[in-house]
Amino acid sequence: MSNAQISLTLEPAADTRRPMALTPGEDFRGYLASHLGRAVLFLMTFTSVLAVLLILLFVILRSFSFLSGYSLVEFLASRDWRPTAESPVFGSLAIIVGSLYVSFAALLFAVPLGVLAAVFLSDILSWKARNVVKPVVEILAAIPSVAYGFFAVLVLAPWMQKHLGLSTGTNALNASLILAIMALPTIISVAEDSISAIGRELREASYSCGATRMETMIKVIIPAAHSGIIAAVVLGMMRAIGETMVVWMASGNATQIPHPWWDVSQSIRTMTATIAGEMGEAPEDSEHRGALFAIGVLLLILTFSLNIVSEYFLSRAKKATGKT
Amino acid sequence: MKKMIASMIVSVLTMGVAAHAQTLQIDGSTTVGPIADAFAEYFKSVQPDLAITVKKTGSGDGAAALIDGRCDIATMSRFMKPEEFQKAVAGNVLPVAHVVAMDGVCIVVHPSNPVKALTGAQVRDIYTGKIANWKEVGGSDTPIVVISRDTSSGTYETFESLVMKKQPMGAGVEYVNANPQAQSRVRTTAGAIGYVGLGFLEGVKALSIDGISPTRQTVANGSYPVTRPLFLFTNGYPKLGSVVHKFVTFHLTEKGQELIESKGFVPLTNY
């Protein structure tokens, strides 16, 4: 206990055995430990950032040889995707349109359903029931997408052929319906959070003005929570556009743009399904593989911009409710 | 030469580590891969210290691996191209082909479809989109739902080379990613046409092509038009009694034929 003798204790501290001033050795160790700790934690955090950067770099690098050697106009504007033909054509227009097509169609089903469900959960259902129902809704997100895919192919597709008289059951409608179900938990969960974040004050102010419950919900609460709801919708769209297995199984994967455009009973193909379906066979360093990576770059650009949009609206939602 | 020395050093080193451990490297076709997998599994079950790796990277990669000495057996769903053969011989590798099984692809339709037979050209026209309705080939007035396997499958490769003859598939063709899925799509879709291996005919109707219906016999003797042999390539004829020799002759045994049939292919026996 020689340290205790040289300690410069000015006033009694809680732990008097410990020195108040550190020896140079202790000081150095403390310095090292705090900085090493910081460095380790920083590295751990940085790993995920690094992963994003590396993925971005990797995908861009791998697509670079293709993008520099192939006509960009043809890649973006041609509808012909014939990667294994004698003289291959890599036109991704039909594929890009396919991705956007099923995503928007899915939102058409999922947004009204999801927002109304969120309002119901936050404002109408009793607190007890809500605490049961919300986790159950979130379980929907935990079902593996291949299970949804089997349902789409084995149940929904034959059902559509039998009862809707469609010639093929694996089509844009099938894929959109399944994607809508998959986007629902995201939309409901985020929208419900933002609607319940709108405080009691606003609701009570509305009631005191003589508004009915329905008027309060439609004219006050939903407009007040619009930032959060928009963020929920964008997040739902990201879920739909990035989904692979379900669209690969349910959409039919025909490389065409529906004609006429509203005919959802036709098969379409998405970017994710194309990459997943063809990456295995595309030889290393071939033009085909480069083209698939180029589609990957498009997909990344799309999801990144959607992500930025959702971040913007989420931060606005937080500001609006004054909660961080 | 460097590679040979390196591989000799590696093999000497591994011999030193485990005296009796034998390794067998197999590389190549995605079509023949399941057969090689099944054989490898059986070999490992009777000889646990045998280390077999089966890679499925494509017939071309298999040939390249054999030429570079990276594998003992190359699995290929086509014969070696002249360039590959010349490159092999120039590198002192003498490719020997062993046919292990026949692969027949059946063109199937919904059981209720009145059409019983098509010609190869008609099937091609259906897949390019030239024929879009069953009435054009003698069926009822129903639009044709064309179903293909995904382009990375060996079945697609067979179909493409033997039926499509380098013509591109039409834009309306749907793609599914496994034989059972193609089968179930055709089984549940009245206007559908698809193609599957011989083992996947339950609940669907196989058409006869150019007047010949797909059976074990017509595939084994090669008279059914959408048939091709599946190869194992070795460097020279393997030393009799070696593991490689046992492997490339395993299809002659009863167990080997059973495994080939279980994977939906046809053994070579024709009786």
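Guide: The domain assignment divides chain B into domain 1 (2-102 + 229-262) and domain 2 (106-220); such bounds come from an automatic or database domain assignment. The model is predicted: local features need pLDDT of at least 70, side-chain atom pairs count only at pLDDT 80 or more, and totals for chains, interfaces and linings use all residues. Residues are numbered from 1 along each chain as its sequence is written, while chains are lettered from A and ligands numbered from 1 in the order in which they are written.

Visitor: How far apart are the C-alpha centres of domain 1 and domain 2 of chain B?

Guide: The two centres lie 33 Å apart. Five residues of domain 1 of chain B are in contact with six residues of domain 2 of chain B, where contact requires C-beta atoms, placed from the backbone, within 7 Å. The domain 1 side comprises one nonpolar, four polar and no charged residues. Here Ala, Val, Leu, Ile, Met, Phe, Trp, Tyr, Cys and Pro count as nonpolar, Asp, Glu, Lys and Arg as charged, and the others, Gly among them, as polar.

Visitor: And how many helices and strands has chain B?

Guide: Chain B has 10 helices and 11 strands. These are DSSP runs numbered from the N terminus, with helices (H or I) of at least four residues and strands (E) of at least two.

Visitor: Why is strand 11 of chain B described as largely enclosed?

Guide: Seven of the nine residues of strand 11 (residues 227-235) of chain B are buried, so the rest of the structure largely encloses it. A residue is buried if 20 or more other C-beta atoms lie within 10 Å of its own, exposed if 12 or fewer, and partly exposed in between, with C-beta atoms placed from the backbone.

Visitor: Which way does strand 3 of chain B run against strand 11 of chain B, parallel or antiparallel?

Guide: Strand 3 (residues 73-76) of chain B runs antiparallel to strand 11 of chain B, with four bridges; pairing needs at least two DSSP bridges. Ala74(B) has Phe233(B) as its bridge partner. Strand 4 (residues 95-109) of chain B is also antiparallel to strand 11 of chain B, through nine bridges, and Gly104(B) stands opposite Thr227(B).

Visitor: Changing topic, how many residues does each chain bring to the contact between chain B and chain A?

Guide: Chain B brings 20 residues and chain A brings 25 residues. Helix 7 of chain B gives the most to its side, with four residues.

Conventions: Contact = placed C-beta atoms within 7 Å.
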